[in-house]
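Hi there,

Here is the structure I promised to pass on. My notes on what turned up in it follow below.

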Amino acid sequence: MILSRDRDDDDMIVQCPNCKRMMIRKGRLIKSAKSLTCEGCGNEIRLTYSYKMAIFENRRPLS
Ligand SMILES: [Zn+2]
């Protein structure tokens, strides 16, 4: 399964595993980004392919 293009404009929820802060990003940004810096604690969240899949499928991360 690939990251579907029709989710590009959807709001995805990324949760920082460190401080649990929720951040909203567009699907297209999630797909192109390699990492995301938490707005709360500055933690660098690595956006692996499997992590992105979880975001796209569930609209929430694995952990
Ligand atoms: Zn954080």
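Leaving out residues up to four places away in sequence, Met 23 touches Met 12, Ile 13, Val 14, Cys 16, Leu 36, Thr 37, Cys 38, Glu 39 and Ile 45, where contact means heavy atoms within 4.5 Å. Please keep in mind that this is a predicted model, in which local features need pLDDT of at least 70 and side-chain atom pairs count only at pLDDT 80 or more, while totals for chains, interfaces and linings use all residues. Residues are numbered from 1 along each chain as its sequence is written, and side-chain values use heavy atoms, with hydrogens and water left out.

Met 23 also belongs to the largest nonpolar core, which has 15 residues. Such a core is a set of buried Ala, Val, Leu, Ile, Met, Phe, Trp, Tyr and Cys residues joined through side-chain atoms within 4.5 Å. Buried means under 20% relative accessible area, exposed means over 50%, and partly exposed is in between (1.4 Å probe, protein chains only). Val 14, Ile 30, Ile 45, Leu 47, Tyr 51 and Ile 55 join Met 23 as the residues with the most contacts inside the core. Strand 1 and helix 2 (49-58) are the elements that give it two or more residues, and helix 2 gives the most, with four. Helices (H or I, at least four residues) and strands (E, at least two) are DSSP runs, numbered from the N terminus.

Which way do the side chains of strand 2 point? Strand 2 runs antiparallel to strand 1, and five bridges join the two; strands pair if DSSP finds at least two bridges between them. Within this pairing, Ile 13 stands opposite Ile 24. The hairpin has six residues between its strands, and Lys 20 there takes a positive phi near 70 degrees.

Now for the metal. The zinc ion has Cys 16, Cys 19, Cys 38 and Cys 41 as its protein donors, each through SG and lying 2.3 Å from it. Donors are N, O and S atoms within 2.8 Å of the metal (3.2 Å for Na, K and Ca), and sites may look incomplete because water is not among the atoms. The arrangement is tetrahedral because the four donor atoms subtend angles of 102 to 114 degrees; the criterion is that all angles lie between 85 and 135 degrees. Along the sequence the donors follow the spacing C-x2-C-x18-C-x2-C. Cys 19, in the loop between strand 1 (11-15) and strand 2 (22-26), and Cys 41, in the loop between strand 3 (35-37) and strand 4 (44-46), are 22 residues apart and link distant parts of the chain. Cys 19 is partly exposed at 36% relative accessibility, as is Cys 41 at 35%, whereas Cys 38 is buried at 4%.

Asp 8 is buried, with a relative accessible area of 16%, and its contacts beyond four places in sequence are Lys 26, Gly 27, Arg 28 and Lys 31. Lys 31 is found in helix 1 (residues 27-32) and is partly exposed at 25%.

Happy browsing!

Key: Tetrahedral: all angles 85-135°; square planar, octahedral: opposite > 155°, others 65-115°.
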